[in-house]
Amino acid sequence: MKGLVVKNTGSWYLVKTDEGRLIETKLKGNFRLKGIKSTNPIAVGDFVFIEENPEGTAFIYEIEDRKNYIVRRSSNLSKQSHVIAANIDQAFLIATVNYPITTTVFIDRFLATTEAYRIPAFLFFNKTDRYTNEDQEYVDALIRLYETIGYACYKISALEEFDLSFMFDLLKNKTTLFSGHSGVGKSTLINRLMPNLQLRTRKISEYHNKGMHTTTFSEMIELPEGGYIIDTPGIKGFGVFDMESGEISHYFPEIFKFSASCKFNNCTHRHEPGCAVLRAVEEHYISESRYRSYLNIIEDENETKYREAF
């Protein structure tokens, strides 16, 4: 029997069958996932094959090939990955320039990962109702930067007065990953889009300006007009996984564009003579923040760095 994994609590999986039934499942003891070292062999969004037992539960014995997935370095085992979700049509990064702060390093790591797995990404800057004039100027500068690169950006507020109806057009008939730090307002935003859900929300710590986890497991939420939102726990750092240093520039579209004019084919864009990327940074065709993020990933040999709340 085939089904879709719609919830992952870490110890069991809720699978929605093709007939629409919801069945609690576990992995068969000998289950192995080929080709990827992962702390979670099954993720929300996976299509799996299950066999039921007389107790009304079931075991997953096979996983269908994924069209894609998004992965980050595991926060516990740095040499392994954690699959956030599978079979995604698009990814929404919910960011806040304050309350709490989402840095450009975190944004760029997320975007590099979506580029690596060929998943279209959108940036939503939330809590604009709370921003100072300085915050507003900063978010406008970020939007100019990322829109120039080619990413769609939106300023939003999850408050009732703010019209979010445009999001339904973006979400319709697609499987969309919602990601971001704890406290950026993912659950509040989903509650606005799906009022009957009443997801639990918590205030951020005003003293530390950091969010606290409210979502503790990943879950797919079916939309009435078709499609799913994948709600995921907030994450502190986004450690990229399984990227060779020579290919990282491919996941920064503006760096990749200029790299075609570098003198050497194996240019690392750090110190080589005739580097078109370094020249583009000096001439402000590539932003310094994006270039720093690129270096940050390349130099990510310190295996504790990615765990920081960037």
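Reader: Why is E219 called partly exposed?

Author: The relative accessible area of E219 is 25%. Buried means under 20%, exposed over 50%, and partly exposed in between, with a 1.4 Å probe and protein chains only. The value for E219 falls in that middle range, so the residue is partly exposed. The model is a predicted one, in which local features need pLDDT of at least 70 and side-chain atom pairs count only at pLDDT 80 or more, whereas totals for chains, interfaces and linings use all residues. Residues are numbered from 1 along each chain as its sequence is written, and side-chain values use heavy atoms, with hydrogens and water left out.

Reader: What makes the contact between E219 and K7 a salt bridge?

Author: A salt bridge requires a side-chain nitrogen of Lys or Arg within 4 Å of a carboxyl oxygen of Asp or Glu. For E219 and K7 the distance from N to O is 3.9 Å, so the pair meets the rule. E219 belongs to strand 12 (residues 218–222) and K7 to strand 1 (residues 2–8), so the bridge ties together parts that are 212 residues apart in sequence. Strands are DSSP runs of E of at least two residues, and helices are runs of H or I of at least four, both numbered from the N terminus. K7 has a relative accessibility of 18%, and therefore counts as buried.

Reader: Why is D108 called buried?

Author: The relative accessibility of D108 is 0%, so the residue counts as buried. D108 is found in helix 1. The side chain of D108 forms a salt bridge with R290 at 2.9 Å, N to O. That pair connects helix 7 (residues 288–298), which holds R290, with helix 1 (residues 104–116), across 182 residues. R290 is buried as well. D108, E254 and R290 are linked in a network of salt bridges.

Reader: Which residues touch D108 from beyond its neighbours in sequence?

Author: Leaving aside neighbours within four places in sequence, D108 is in contact with Y146, F252, S289, R290 and S293. Contact means heavy atoms within 4.5 Å.

Reader: How many aromatic pairs does a search of the whole structure find?

Author: The search finds nine aromatic pairs. One of them is Y69 with Y117, a tilted pair at 5.1 Å centre to centre and 40° between the planes. Rings of Phe, Tyr and Trp (its six-membered ring) pair if their centres lie within 6.5 Å; planes under 30 degrees apart are stacked, over 60 edge-to-face, and the rest tilted. Y69 lies in strand 6 (residues 69–73) and Y117 in the loop between helix 1 and strand 9 (121–125), so parts 48 residues apart in sequence are tied together.

Reader: What makes F92 and F124 an aromatic pair?

Author: Their centres are 4.6 Å apart, with 40° between the planes, and the pair is tilted. F92 is in strand 8 (residues 90–95) and F124 in strand 9, 32 residues apart. F92 and F124 are both buried. F92, F122, F124, Y154, F166 and F178 form one aromatic cluster.

Reader: Which residues touch the most other members of the largest nonpolar core?

Author: A nonpolar core is a set of buried Ala, Val, Leu, Ile, Met, Phe, Trp, Tyr and Cys residues joined through side-chain atoms within 4.5 Å. Of the 69 residues in the largest such core, F125 and Y146 touch the most other members. Helix 1 gives the most to this core, with six residues. Apart from it lies another core of 18 residues, among them L164, L170, F178 and V184.

Reader: How much of the protein is buried?

Author: Buried residues make up 54% of the 310 residues. The protein has seven helices and 13 strands.
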